[in-house]
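I am opening a notebook on a chain that is new to me, and I want to write down what I look up in the order in which I look it up. The sequence and the structure come first, and the entries follow.

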Amino acid sequence: MTLLKDKPHRKTLLLAVSLLLCIFAGCLEDDETQARKAIEIYRHGETKKAHAALSDLVKTQPKNATLVLYLALSCRDLGKKDEALLQLKKCIEIDPNNGQAHSLLGSMLRNSENLEGAVKHHKRATEILPKSSAAWNNFGLTLASAGRFEEALRAYDQALRVAPRDPVPLYNQGELYR
């Protein structure tokens with residue numbers, strides 16, 4: 001009982017008890033668990049909630065390329081285009097071989113009519129993800145937007161080699177012949 005009357009000891013004891021309760025209640029999650037939960041929230045369409053969680057996590061894990069990529073996706077979905085572009089560039093700085101980040105950045109640059117930057121990032125995405133029909137198709141779209149039709153056809157051909165039943169590159173290829 002004298003321990004509880006002694007203020008420094010009482011404070012230490014209360015902190016220890018609180019910590020133990022937190023551990024047993026599961027409120028102390030590791031970074032990986034928190035990251036998985038935030039990404040799942042995003043995947044379930046709760047963009048605002050995911051954005052808030054991802055923003056907090058990126059502050060504590062600024063070198064986690066996956067978190068930064070999902071933060072960029074949430075920014076894009078919330079209409080925060082400049083922030084999305086900034087996060088994608090950070091993601092690529094952290095992991096230069098992140099094909100998804102290159103592809104998404106390429107698409108966003110194409111949509112803002114920065115075709116030179118878009119071509120560069122889509123080309124890099126196909127180098128990193130050579131078996132991704134989507135990467136080749138996006139590269140083709142960007143090349144076509146830049147007026148580089150022969151190269152676009154080759155990119156669509158590669159998309160169809162990777163996924164022969166994918167109707168998207170076939171449709172886009174047909175659009176070039178119209």
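**Entry 1: helix α5**

Which residues are buried in α5? Before answering I note that this is a predicted model, and I read every entry below with that in mind. Looking along the helix, I find that Ala 65, Leu 67, Val 68, Leu 69, Tyr 70, Leu 71, Ala 72, Leu 73, Ser 74 and Cys 75 are buried. That is 10 of the 13 residues of α5, and I therefore write the helix down as mostly covered, buried meaning under 20% relative accessible area.

I then looked up what covers this helix, and found that the buried residues of α5 pack against α3 (31-43), α4 (47-60), α6 and α7. As for its length, α5 runs over residues 65-77 and reaches 18 Å from its first C-alpha to its last, which is close to the 18 Å expected at 1.5 Å a residue.

I also checked both ends of α5. At its start, a side-chain oxygen of Asn 64 comes to within 3.1 Å of the backbone nitrogen of Thr 66, and just after the helix I noted that Gly 79 takes a positive phi of about 80°.

**Entry 2: the chain as a whole**

The protein chain has 11 helices and 0 strands, and, read along the sequence, its pattern is α-α-α-α-α-α-α-α-α-α-α. Of the 178 residues in the chain, 37% are buried. When I looked at contacts with a separation of 6 or more, I found that residues 24 or more positions apart account for 41% of them.

Leaving aside neighbours within four places in sequence, Ile 92 is in contact with Ala 101, His 102, Leu 105 and His 121. I also looked up the distance from Ile 92 to Leu 69, which is 23 residues away along the chain, and the two C-alpha atoms are separated by 8.9 Å.

**Entry 3: Arg 110 in α7**

What is the nearest side chain of opposite charge to Arg 110, and how far away is it? Arg 110 is found in helix α7, residues 99-111, and although it is buried it has no salt bridge, the nearest side chain of opposite charge being that of Glu 113, 10 Å away.

Beyond four places in sequence, the residues in contact with Arg 110 are Leu 115, Ala 118, His 122, Asn 138, Leu 141, Thr 142 and Ser 145.

**Entry 4: salt bridges**

How many salt bridges are there? The count comes to 8, and I followed a few of them. Glu 127 and Lys 123 meet in a salt bridge of 3.1 Å, N to O, and both lie in helix α8 (residues 115-128), 4 residues apart, or about one turn of the helix. Glu 127 also forms a salt bridge with Arg 124, where the closest N and O atoms are 3.3 Å apart, and these two residues, 3 apart in α8, are again separated by about one helical turn.

I looked up accessibility for each of these residues: Glu 127 is partly exposed at 45%, Lys 123 is partly exposed at 42%, and Arg 124 is partly exposed at 26%.

Another salt bridge joins Glu 175 and Arg 178, with the closest N and O atoms 3.5 Å apart. Salt bridges that share partners join Lys 123, Arg 124 and Glu 127 into one network.

**Entry 5: cysteines**

Last, I looked for disulfides, and the count comes to 0. Among the cysteines, Cys 75 counts as buried at 0% relative accessibility, and Cys 91 counts as buried at 0% as well.

Notes. Residues are numbered from 1 along each chain as its sequence is written. This is a predicted model: local features need pLDDT of at least 70, side-chain atom pairs count only at pLDDT 80 or more; totals for chains, interfaces and linings use all residues. Side-chain values use heavy atoms; hydrogens and water are left out. Buried means under 20% relative accessible area, exposed over 50%, partly exposed in between (1.4 Å probe, protein chains only). Lys and Arg count as positive and Asp and Glu as negative; His and the chain ends are not counted. A salt bridge is a side-chain nitrogen of Lys or Arg within 4 Å of a carboxyl oxygen of Asp or Glu. Contact means heavy atoms within 4.5 Å. A disulfide is a pair of cysteine sulfur atoms within 2.5 Å. The expected span of a helix is 1.5 Å times one less than its number of residues. A polar contact is a pair of N or O atoms within 3.5 Å; within protein, one must be able to donate a hydrogen and the other to accept it, and residues adjacent in sequence count only if both atoms are side-chain atoms.
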